[in-house]
Amino acid sequence: MKISKETLSVLKNFATINGNILIKAGDRLSTISAQKNVMASTSVKESFDREFGIYDLNEFLGVYSLFDADPELNFDEKFVTVANGKSKVKYYAADPSVLASPTKDALPVDEDIKFDLPRSMYDMIMKTSSVLRSNDISIIGSDGKLSVVVADKKNATSNSWDAILGDTDKDFKVNFRIDNFKMLDGDYEVTISKKRISKFASKMNDLTYFIAVEADSTFDF
């Protein structure tokens, strides 16, 4: 089988969430961070015929990139052969017991707060966080407005950036860590539950991220 560019992009993205992955039989890929505060899942064009564990996903992607043209992948029980023409690499599978793998593809998220996050706004959040060197992001509902703030929440005099996302009839302050924002660029529908879990669902496909909400978040409704 060959891996599409879209699936390759997903694998590279998932490697930023967890360095290993357990590919299960079928057409879905999923991953979860070692701290279990970020989970992601999506369907892909390919259908894998067997379970296969990869301990170092970045290394595997590096092996794949050794070939100029898209190589052919042939999965066996204990290894996968990555081949193109007369050249090939035999890459051995990892024991699933040493890999961090989600037990399900989705988590229940109550729709206590819901809004759209356009690609341009997501890009701005990430750029601003880098420029201001802030690792804190807050989604705030106050005085009828829904806004996003990037600032050091522990420093009242820190530099900050904010933008209006829309309207809301609820009061809340939902805090995230920027290092948990591992999403691919795109437009997302965001759902946040008072149970301190959030869902970022792509509006282009079924790629979905589940991200933990920080414990100091407040929901005054």
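Ala34 is exposed, with a relative accessible area of 59%; exposed means over 50%, buried under 20% and partly exposed in between, using a 1.4 Å probe and protein chains only. You'll find Ala34 in the loop between β2 (26–32) and β3 (38–48). Helices (H or I, at least four residues) and strands (E, at least two) are DSSP runs, numbered from the N terminus. Ala34 and Asp76 are 42 residues apart in sequence and 27 Å apart in space, C-alpha to C-alpha.

A word on the model itself: it is predicted, so local features need pLDDT of at least 70 and side-chain atom pairs count only at pLDDT 80 or more, while totals for chains, interfaces and linings use all residues. Residues are numbered from 1 along each chain as its sequence is written, and side-chain values use heavy atoms, with hydrogens and water left out.

Now the whole chain. The protein chain has 3 helices and 16 strands, and 47% of its 221 residues count as buried. Its C-alpha atoms fill a box of roughly 65 × 35 × 30 Å along the principal axes. Taking contacts (heavy atoms within 4.5 Å) between residues at least 6 apart in sequence, 59% join residues at least 24 apart.

On to one sheet. Strands of a sheet pair through backbone hydrogen bonds, either parallel or antiparallel. Here, an open sheet of 3 strands runs in the order β5-β6-β7 with antiparallel pairing; two strands pair if DSSP finds at least two bridges between them. β5 (72–75) and β7 (87–92) are at the edges with a single partner strand each, so one side of each has no neighbour in the sheet. From one strand to the next, the twist averages 20°. Strand β6 (residues 79–84) and β7 pair over 6 bridges, and Thr81 has Lys90 in β7 as its bridge partner. The charged end of Lys90 also sits over the ring of Phe79, 4.6 Å from its centre; that label needs NZ of Lys or CZ of Arg within 6 Å of the ring centre and within 35 degrees of the ring normal.

Helix α2 (residues 57–65) packs on this sheet, touching β5, β6 and β7, and its direction makes about 170° with that of β7. Axes are lines fitted to C-alpha atoms, for helices over the stretch in contact, and angles run from 0 to 180 degrees between N-to-C directions. In α2, Leu57, Phe60, Leu61, Val63 and Tyr64 are buried. They cover an arc of only 155° around the axis, which puts them on the same side of α2; the arc is that of the directions from the helix axis to the C-beta atoms. Their cover includes α1 (5–17), β1 (21–23), β4, β5, β6 and β7.

Last, the aromatics. Rings of Phe, Tyr and Trp (its six-membered ring) pair if their centres lie within 6.5 Å; planes under 30 degrees apart count as stacked, over 60 as edge-to-face and the rest as tilted.

| Pair | Centres | Planes | Type |
|---|---|---|---|
| Phe52 and Phe75 | 5.1 Å | 75° | edge-to-face |
| Phe176 and Phe200 | 6.0 Å | 75° | edge-to-face |

Phe52 lies in strand β4 (residues 52–54) and Phe75 in β5, so their pair ties together parts 23 residues apart in sequence. Phe52 and Phe75 are both buried.
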